[in-house]
Amino acid sequence: MIEQVERELELEASVEEVWDAVTGDGWLADEVALELLPGGDASFRSGPTEKAGWVEEASPPSASEDRTASLVFWWAAEGESATRVEVTITPGERGTRLRVIESRPLELLDLVGVPLPGAGQRSFGPAMVAA
Amino acid sequence: MIPSDADWARAALGEPSRADAVFGALSDRTRRTLLAAIAAGPAATATELAADLPISRQAVLKHLNALADAGLLERERAGREVRYRVTPAPLSDAVSWMTDVGEQWDERLAALGRQLRGERTAGG
């Protein structure tokens with residue numbers, strides 16, 4: 001079973017407004033630092049809760065002709081295994097459609113005995129996940 | 001409990017109807033709330049669960065049946081009453097992860113909706 005959570009919401013705002021809200025402080029965490037390029041660093045802090053990770057893919061609305069935007073990143077709290085978050089922002093019928101999928105594909109590796117990147121260690125990244 | 005490779009392969013590749021049933025059962029917010037409530041405490045009856053929720057015992061029973069049919073809950077007969085508890089790990093681990101993470105996204109999306117509506121109003 002693939003462990004995955006999927007949510008979708010139609011917002012009365014432009015793709016650009018949603019992109020700014022999604023990537024800025026206050027939504028994913030109180031303080032968000034995202035290096036918006038593949039392999040870029042990501043950190044998320046809300047009070048005492050801190051998550052670290054990296055960016056797999058970042059396509060702001062300005063970079064696409066059809067005004068869609070997407071952000072894919074991995075995050076993990078200290079001592080927990082990393083999960084993958086895929087955010088897709090597309091123009092909707094009345095506003096903007098926001099779709100979020102969070103999955104923990106790495107749990108499958110855990111089940112077959114592959115040590116988890118991000119589990120019990122601070123650093124994890126594309127190379128480790130690809131390996 | 002760690003499943004064997006064969007179990008894992010079967011779970012990952014086969015039985016799509018089972019996976020559909022699980023995700024179908026979890027697609028409803030009330031059912032996720034129920035599942036989280038049952039996972040948090042000892043085995044509970046429909047009456048006990050209904051006491052903490054703004055829905056009828058009859059409605060709770062319907063949701064419990066859906067969760068049990070998907071294999072997420074087990075029924076336990078004790079005299080005249082039926083108690084429900086979450087099916088043991090590893091599924092319950094997956095379920096609690098999906099329940100927790102699902103709730104977090106529900107809250108984030110609701111907050112984003114409020115924030116963007118607020119900005120709209122404030123900006124004219």
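Guide: We'll go through the chains, the sheet, the loops and the cores in turn.

Visitor: Where do these coordinates come from?
Guide: This is a predicted model.

Visitor: Okay. What is the secondary structure of chain A?
Guide: Chain A has three helices and seven strands. From the N terminus the elements run β-α-β-β-β-β-β-β-α-α.

Visitor: In what order do the seven strands of chain A sit in the sheet?
Guide: The order is β1-β7-β6-β5-β4-β3-β2. The sheet is open, and the pairing is antiparallel.

Visitor: Which strands stand at the edges?
Guide: Those are β1 (4-11) and β2 (31-34) of chain A. Each has a single partner strand, so one side of each has no neighbour in the sheet.

Visitor: And the twist?
Guide: It averages 20° from one strand to the next.

Visitor: What does α1 of chain A touch on the sheet?
Guide: α1(A) packs on the sheet and touches β1, β2, β5, β6 and β7 of chain A. Its direction makes about 160° with that of β6(A).

Visitor: Let's look at the pairs. How many bridges join β1(A) and β7?
Guide: Eight, in the antiparallel sense. Strand β7 covers residues 96-103 of chain A. A:Glu10 stands opposite A:Arg97 in β7(A).

Visitor: What about β3 and β4 of chain A?
Guide: β3 (residues 41-46) and β4 (residues 49-59) of chain A pair antiparallel over six bridges. A:Phe44 has A:Lys51 in β4(A) as its bridge partner.

Visitor: How many residues lie between the strands in that hairpin?
Guide: Two residues lie between β3(A) and β4(A). In this hairpin A:Gly47 takes a positive phi near 60°.

Visitor: What is in the loop between β4 and β5 of chain A?
Guide: A:Arg67 is one of the residues there. Its phi is near 60°, a positive value in a residue other than glycine.

Visitor: Is A:Arg67 buried or partly exposed?
Guide: A:Arg67 is partly exposed, because 14 other C-beta atoms lie within 10 Å. Buried would take 20 or more.

Visitor: Switching to the inside. Which residues touch the most other members of the largest nonpolar core?
Guide: A:Val18, A:Ala42, A:Phe73, A:Trp75 and A:Ile89 do, in a core of 25 residues. The elements giving two or more residues to this core are α1 (15-23), β3, β4, β5 and β6 (83-91) of chain A. β5(A) gives the largest share, six residues.

Visitor: What does A:Val18 touch?
Guide: Leaving out residues up to four places away in sequence, A:Val18 touches A:Leu11, A:Ala13, A:Ile89, A:Thr96 and A:Leu98.

Visitor: How much of each chain is buried?
Guide: In chain A, 28% of the 131 residues count as buried. In chain B, 19% of the 124 residues do.

Conventions. Residues are numbered from 1 along each chain as its sequence is written. Chains are lettered from A and ligands numbered from 1 in the order in which they are written. This is a predicted model: local features need pLDDT of at least 70, side-chain atom pairs count only at pLDDT 80 or more; totals for chains, interfaces and linings use all residues. Two strands pair if DSSP finds at least two bridges between them. Helices (H or I, at least four residues) and strands (E, at least two) are DSSP runs, numbered from the N terminus. A residue is buried if 20 or more other C-beta atoms lie within 10 Å of its own, exposed if 12 or fewer, and partly exposed in between; C-beta atoms are placed from the backbone. A nonpolar core is a set of buried Ala, Val, Leu, Ile, Met, Phe, Trp, Tyr and Cys residues joined through C-beta atoms within 7 Å. Two residues are in contact if their C-beta atoms, placed from the backbone, lie within 7 Å. Axes are lines fitted to C-alpha atoms, for helices over the stretch in contact, and angles run from 0 to 180 degrees between N-to-C directions.
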